[in-house]
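Student: I would like to go through this structure with you and ask, for each label, what stands behind it.
Tutor: Then let us take the labels one at a time and set each value against its definition.

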Amino acid sequence: MPVISRFYGILIAMYFNDHNPPHFHAKYSGYEALFDFNGKVIDGELPKRAVRFVQEWISFHKSELEDNWEKARKGEPLSYIAPLE
């Protein structure tokens with residue numbers, strides 16, 4: 001599970017050859033949630049504040065997430081994405 005970003009204690013990861021729809025995993029303090037690239041939680045849960053941080057981060061990096069999803073589907077190395085600042 002390659003980590004593609006970290007910010008405010010939140011770890012963002014993407015699995016190689018993962019199932020559709022395109023998504024990533026966000027982990028924070030014992031919680032885990034799957035987010036689509038529009039910011040919707042599709043499984044799991046995070047505290048509300050962490051969800052807001054992840055959604056804000058997505059708003060800046062949606063195209064990079066899409067690029068990484070394509071790389072992951074092909075088994076190629078993923079690119080690190082800048083953290084939320």
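Tutor: Helices and strands here are DSSP runs, at least four residues of H or I for a helix and at least two of E for a strand, numbered from the N terminus. The model is a predicted one. In these terms P21 lies in the loop between β2 and β3, and a cis peptide bond joins P21 to N20.

Student: What makes the bond between N20 and P21 a cis peptide bond?
Tutor: The omega angle of the bond joining N20 and P21 is about 0 degrees, and the bond is described as cis.

Student: Why is N17 called exposed?
Tutor: N17 has a relative accessible area of 57%, and exposed means over 50%, so the label applies to N17. N17 is found in the loop between β2 and β3, and N17 has a positive phi of about 50 degrees although it is not a glycine.

Student: How do you know that S29 is exposed?
Tutor: The relative accessible area of S29 is 61%, which is to be set against the cut-off of over 50%, and therefore S29 counts as exposed. S29 lies in the loop between β3 and β4, where S29 has a positive phi of about 50 degrees without being a glycine.

Student: Which residues of the largest nonpolar core touch the most other members?
Tutor: Of the 22 residues in that core, they are I12, M14, F24, F35, V54, W57 and L65. The elements giving two or more residues to this core are β1 (3-7), β2 (10-13), β3 (23-28), β4 (31-36) and α1, and α1 gives the most, with eight residues.

Student: Why is E66 called partly exposed?
Tutor: E66 has a relative accessible area of 36%, and partly exposed covers what falls between under 20% for buried and over 50% for exposed, so E66 belongs to that class. E66 lies in helix α1, residues 48-74.

Student: What makes the surface patch formed by E64, E66, D67 and E70 a negative one?
Tutor: Asp and Glu count as negative, and the patch is formed by E64, E66, D67 and E70, so it is called negative.

Definitions and conventions. Residues numbered from 1 in each chain as written. Predicted model: local features only at pLDDT ≥ 70, side-chain atom pairs only at ≥ 80, totals over all residues. Heavy atoms only, no water. Patch = residues over 30% accessible without salt bridge, like charges linked within 9 Å, V, L, I, M, F, W, Y side chains within 5 Å. Areas by Shrake-Rupley, 256 points an atom, 1.4 Å probe, with all protein chains shown as cover. Salt bridge = Lys/Arg side-chain N within 4 Å of Asp/Glu carboxyl O. Charge placed at Lys NZ, Arg CZ, Asp CG, Glu CD. Buried < 20%, exposed > 50% of the residue type's maximum accessible area, 1.4 Å probe, protein only. Core = buried A, V, L, I, M, F, W, Y, C linked by side-chain atoms within 4.5 Å.
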